[in-house]
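I opened this entry to record what I looked up in the structure. I begin with one residue pair and then widen the view.

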Amino acid sequence: MTSEREVRVLRAADRTAEAWKNGGGVTRQIAARPEGPDAAGFAWRVSLAEVAADGPFSAFPGVDRTLTLAEGAGMDLTVDGVRRLVDERYVPQRFAGDVPTGCRLIAGPVVNFNVMYRRDAVRAEVSVVRGDLALTVPPGAGALLVVALAGPVLLDGPGLAEGPGLSGEPCLSGEACVPGDPPGGPVRLGTYDALLATGGEQGVLHLGAEGRAAVVRFTPGG
């Protein structure tokens, strides 16, 4: 069985902020599978978290987390009783999402790029890159997510002209995906914009990042 090919541009301006119950921050979801508002039922979920106050992280049973500092001075974490200093930007940090985790801000608010996935169902590889890179989309039920963390990111490739754009309508030579870009030109991602490619044979996507881009590959399996 072959998964249907899909390429989507996910603009930062279209996201809504979800306030934390403890009042310590807000989360803006970038993408999740399955899609929907149920934050507890995801196989994987990617978001930006704005942390404004010290306090505990929410626990997610059976979930692993990869956290990358995107803005701010950083955090002094205690993960399952072990201190973990997160004070360098664009360095992914992986730890269990179902153990007690406390957070103390080092010097004011931060923004974290947060990838969560169920360890018995999904594998996730997270990297932060810059410059030119060739990317392939995982086959079958896999997914590739590219998020611009700093500066513009350009993406070009055969699949970009065939997926639904911002309005859900087909992209024709890139026009519907990126209003204002020339027909046939690359997709341009501003800071925190994203591109999600899933299913089928996408071919090679060519990435050019003047700043930093997060690349996340999801594949089935625990």
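**Strand pairing and overall make-up**

I first looked up Asp76 and found that Asp76 stands opposite Leu85 in β8. I note that the model is a predicted one.

I then took the two strands concerned. Strand β7 covers residues 75–79 and strand β8 covers residues 82–86; five bridges pair them in the antiparallel sense. I recorded that β7 and β8 form a hairpin, with two residues between the strands. Within the turn, I read a positive phi of about 55 degrees for Asp80.

Next I turned to strand β14, residues 153–156, and asked which of its side chains are buried.

Three bridges pair β14 with strand β15 (residues 187–189) in the antiparallel sense, and Val153 has Leu189 as its bridge partner in β15. β14 also runs antiparallel to strand β17 (residues 204–220), to which four bridges join it. In β17, I found Leu207 as the bridge partner of Leu155.

Finally, I noted the values for the chain. I counted 17 strands and zero helices. The chain has 222 residues, of which 47% count as buried. Of the contacts with a separation of 6 or more, 73% come from residues 24 or more positions apart.

Key. Residues numbered from 1 in each chain as written. Predicted model: local features only at pLDDT ≥ 70, side-chain atom pairs only at ≥ 80, totals over all residues. Heavy atoms only, no water. Buried < 20%, exposed > 50% of the residue type's maximum accessible area, 1.4 Å probe, protein only. Contact = heavy atoms within 4.5 Å. Pairing = 2+ DSSP bridges.
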